[in-house]
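This briefing looks at how side chains meet one another in one protein chain. Please keep the sequence and the structure in view while reading, and look up each residue as it is named.

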Amino acid sequence: MDRGILLSIKDDDELLTMKRRFHTFDYGASNDFVYLNSDALAILANRQQIDWREFESARASLEMGDSVGYKTILDSLATQPKETLPDAPSVKVVKSYLEEPRKIVVGDFVDYFNSRFEALRKILYNREELKNTLPISRILAKSDKESVSLIGIVKQKDITKNNNIVLTIEDQTDQMKVIVNKSKPELYASSRDIVLDEVIGIIGNVGNKVVFANNILWPDVPITNETKKHGNEDYVLFLSDLHVGSNNFLKEDFMKFLDWINLNAGNAGQRDIASKVKYIFFVGDLIDGVGVYPGQETELAIKDAREQYSECAELLSKIPKHIRLIICAGNHDAMRLAEPQPVFSAKFSEPLLRLENATIVSNPSIVNIHSGKDFDGYNILLYHGHSFDYYIANVDSIREQGGYDRADLIMKYLLKRRHLAPTHTSTPYMPMSPDSLVIDKVPDFFVSGHIHKSAVSNYRGITLICASCWQSTTAFQEKVGHHPEPSRVPAVNLATRQVKILKFGK
């Protein structure tokens with residue numbers, strides 16, 4: 001289903017502004033509004049010349065089953081030059097989930113896991129070691145001691161009485177056992193972190209219809225020899241977890257941030273950074289929400305989600321308009337919890353959607369910034385991080401090395417698996433095909449939030465950033481052992497990719 005937007009019938013500049021801000025905009029039907037599909041929006045944004053009557057006629061023919069005329073128009077536009085607005089920071093949405101309301105049936109779950117498996121299988125198949133993989137049904141017929149390789153999804157994981165790991169691996173043809181012997185310490189250590197439903201490649205030897213693993217391979221991201229950098233010293237900031245509406249929202253700290261970004265606070269060096277900020281990302285949980293957990297109403301200063309978004313929009317409107325804001329939702333925002341989470345709904349968050357310098361995307365999404373004539377920009381993967389809790393609790397190496405204090409370990413773990421929530425129960429999800437949580441495109445930055453503690457790292461040339469929060473420690477966080485570090489802002493110099501953590505609180 002093609003999702004465009006309903007716009008007030010005004011001049012061309014208004015249409016361009018709205019295109020820059022939204023993917024979808026859900027107002028009721030009215031004679032005062034016009035519906036523009038995604039193709040029409042692209043034509044307007046690129047300021048391309050077109051016969052709109054011919055376009056509309058071809059579109060009507062498409063809806064009746066004749067796609068030739070419409071495709072011809074789009075093909076001709078692809079060769080037509082596109083005009084860009086001068087000196088404007090570049091923000092392009094590479095991947096953002098568009099909601100398609102429909103009934104979910106059992107077959108959707110089958111298609112979902114099949115599409116995920118196939119996407120990750122293709123990535124693994126590009127590994128030289130796995131070029132000769134066989135389906136499990138054929139491996140089961142192999143003679144003992146033969147060397148084999150396979151790609152499958154982890155259906156079950158057990159520990160024997162001798163402390164060997166036994167994996168039940170499944171593909172579309174059959175399932176079989178894979179044994180990881182403790183006598184291979186390096187392989188055994190990495191296998192301890194295997195979780196259910198992830199897709200892996202295995203190399204080993206057959207023995208009595210079981211494979212004894214010699215090596216296990218993950219989809220992983222490729223190693224890059226050179227980190228992409230841009231020549232201009234501009235900055236991008238990453239914020240998350242404002243929790244506006246909570247009794248614990250640190251408004252005083254956030255006002256200090258607003259003073260700084262408006263060049264009214266800080267020393268000369270700090271103001272210099274503020275003057276060069278071109279983009280600010282907000283990675284979910286803009287508000288505290290209502291009814292997110294039992295007894296939350298006692299911890300709310302603002303008890304209505306719409307009023308929380310109004311307050312949040314009022315604060316964000318104080319950011320200079322030349323700075324582009326890129327915003328996605330989190331698990332506290334007023335929408336479904338299941339991922340991918342769509343863009344914000346006008347029903348609750350209209351003031352937020354009306355911010356003229358904001359681009360609203362889904363959670364997760366990929367956004368390209370800072371592209372130009374001689375530079376293809378940075379691809380930034382946004383994911384709020386709701387699945388992080390599961391992997392902190394269930395992956396030994398993450399839990400033993402710091403848990404909630406080590407967002408970088410979680411992010412590396414997920415990049416290695418090329419999926420943001422590889423285990424079925426690690427986050428609520430919508431069974432949509434293709435799976436939007438697959439990391440099919442390798443980003444330059446992977447940015448998250450959720451755990452209220454900033455972290456910066458690098459993995460195979462990808463800059464990893466977990467944004468901080470703007471909420472003081474809650475009773476729940478104390479109970480589960482969180483150690484929040486609020487009011488900290490990672491600032492990335494886009495020329496060098498160096499990251500500074502700016503502190504606006506204690």
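**Side-chain contacts in a predicted model**

R406 is partly exposed, with a relative accessible area of 27%, and it forms a salt bridge with D408, in which the closest N and O atoms are 2.8 Å apart. D408, by contrast, is buried, because its relative accessible area of 10% falls under the 20% limit for that class. These values are computed from a predicted model.

**Salt bridges**

- The count of salt bridges comes to 22.
- E400 forms a salt bridge with R192, with 3.4 Å between the closest N and O atoms; since E400 lies in helix α13 and R192 in the loop between α7 and β7, the pair ties together parts that are 208 residues apart in sequence.
- E400 counts as exposed at 55% relative accessibility, whereas R192 counts as partly exposed at 34%.
- R192 and E400 also belong to a network of salt bridges that links them with D396 and R399.
- E485 forms a salt bridge with K453, the closest N and O atoms being 3.8 Å apart, and this pair links distant parts of the chain, with E485 in the loop between α15 and β18 and K453 in the loop between β15 and β16.
- E485 is partly exposed, with a relative accessible area of 22%, while K453 is buried, with a value of 13%.

**Nonpolar cores**

- In soluble globular proteins, nonpolar side chains tend to be buried together.
- The largest nonpolar core here has 41 residues, of which F257, I280 and L316 touch the most other members.
- Leaving aside residues up to four places away in sequence, F257 touches L237, L239, I280, I319, W470, V489 and F504.
- Apart from this core lies another one of 31 residues, which includes Y391, Y404, F446 and A455.

**Aromatic rings**

- There are 20 aromatic pairs by the rule used, and one of them joins F109 and Y429 edge-to-face, at 6.2 Å centre to centre and with 75° between the planes.
- F109 lies in helix α5 and Y429 in the loop between α14 and β15, so that this pair links parts of the chain 320 residues apart.
- F109 counts as partly exposed at 35% relative accessibility, but Y429 counts as buried at 13%.
- Ring pairs also link F249, F254, F257, W260, W470 and F504 into a cluster.
- The charged end of R417 sits over the ring of Y413, 3.6 Å from the ring centre, and the charged end of R121 sits over the ring of Y125, at 5.8 Å from its centre.

Definitions and conventions
Residues numbered from 1 in each chain as written. Predicted model: local features only at pLDDT ≥ 70, side-chain atom pairs only at ≥ 80, totals over all residues. Heavy atoms only, no water. Core = buried A, V, L, I, M, F, W, Y, C linked by side-chain atoms within 4.5 Å. Buried < 20%, exposed > 50% of the residue type's maximum accessible area, 1.4 Å probe, protein only. Contact = heavy atoms within 4.5 Å. Phe/Tyr/Trp six-rings, centres within 6.5 Å; stacked < 30°, edge-to-face > 60°. Helix = DSSP H or I, 4+ residues; strand = E, 2+ residues; numbered from the N terminus. Lys NZ or Arg CZ within 6 Å of the ring centre and 35° of its normal. Salt bridge = Lys/Arg side-chain N within 4 Å of Asp/Glu carboxyl O.
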